[in-house]
Amino acid sequence: MTAVGLRERKKEKTRLALLDAALSLFLEQGYESTTVEQIAGVVDVSPRTFFRYFTSKDHLVLWFHDHAEEILLETLESRPPEESPFTAMMHAIRAVIDDLEGATPEESDRFQKLRRLMDEHPHLVGQSVARGAHTERRLAEMVAARRGTEPDADQLSYLIVAFAMSTMRVGFECPRRDGTLEEVMNRMSETIDLAERSLRPGWDLQSSSRAR
């Protein structure tokens with residue numbers, strides 16, 4: 001393995017160690033009571049090193065959003081230009097599900113801890129919603145580009161993204177049973193199938209003049 005590869009592996013190991021330490025501390029002593037210094041101390045690094053990986057405590061809570069957004073954007077960008085926008089978005093969301101299906105036991109544990117954290121600290125949900133809105137804005141800009149329209153003048157592009165992303169929200173939020181990662185993946189897949197059956201084919205192929 002090259003020196004660059006070794007450095008990247010070390011950086012990823014440190015990033016995950018900080019994330020694991022933070023999630024455990026958040027659940028043990030409370031989100032507000034946990035400091036960056038405490039998180040860094042568990043991993044035996046300095047607060048300065050912490051900020052090389054995360055901009056704040058809030059950034060830690062939104063790690064899944066960052067990861068999912070990267071998959072969504074890369075997959076949408078790779079879809080054939082002739083593919084309908086909603087179909088392309090569904091492929092992007094399925095790519096997120098595929099990634100979850102390959103989760104290691106450690107990744108599943110992080111997911112469970114994050115869900116517990118959100119349940120116990122509802123104010124964090126607002127940060128999650130704001131982060132999701134940022135992602136949807138970026139996706140809408142990409143959908144508008146595929147449609148040959150300006151995003152600020154094309155409501156349909158935003159509607160396509162909103163409909164598509166709602167399948168993720170429904171999958172994550174309701175109805176909730178045991179809350180395991182497997183259950184969430186199954187609900188997301190079921191919701192995607194339901195959405196595709198419920199929408200009239202071609203609804204997302206209106207011309208830009210009709211969309212405005």
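The predictor's confidence in each residue is expressed as pLDDT, on a scale from 0 to 100. For this predicted model, the chain averages a pLDDT of 88, and 92% of the residues score at least 70. Local features need pLDDT of at least 70 and side-chain atom pairs count only at pLDDT 80 or more, while totals for chains, interfaces and linings use all residues. Residues are numbered from 1 along each chain as its sequence is written, and side-chain values use heavy atoms, with hydrogens and water left out.

A domain assignment, from an automatic or database source, gives domain 1 (1–54) and domain 2 (57–198). Their contact (heavy atoms within 4.5 Å) takes 18 residues from domain 1 and 14 residues from domain 2. The C-alpha centres of the two domains are 25 Å apart.

Between them, about 1,500 Å² is buried, and carbon and sulfur atoms give 68% of this area. Buried area here is the accessible area (1.4 Å probe) that two parts lose on being put together, summed over both. On the side of domain 1, Leu23, Leu27 and Tyr31 lose the most area to domain 2, together 46% of what that side buries.

The interface also holds one salt bridge, defined as a side-chain nitrogen of Lys or Arg within 4 Å of a carboxyl oxygen of Asp or Glu. Arginine 110 and aspartate 20 meet through their side chains in a salt bridge, at 2.6 Å from N to O. Helix 1 (3–29) supplies nine residues to the side of domain 1 that touches domain 2, the largest share; helices are DSSP runs of H or I with at least four residues, numbered from the N terminus.

Definitions and conventions
Helix = DSSP H or I, 4+ residues; strand = E, 2+ residues; numbered from the N terminus.
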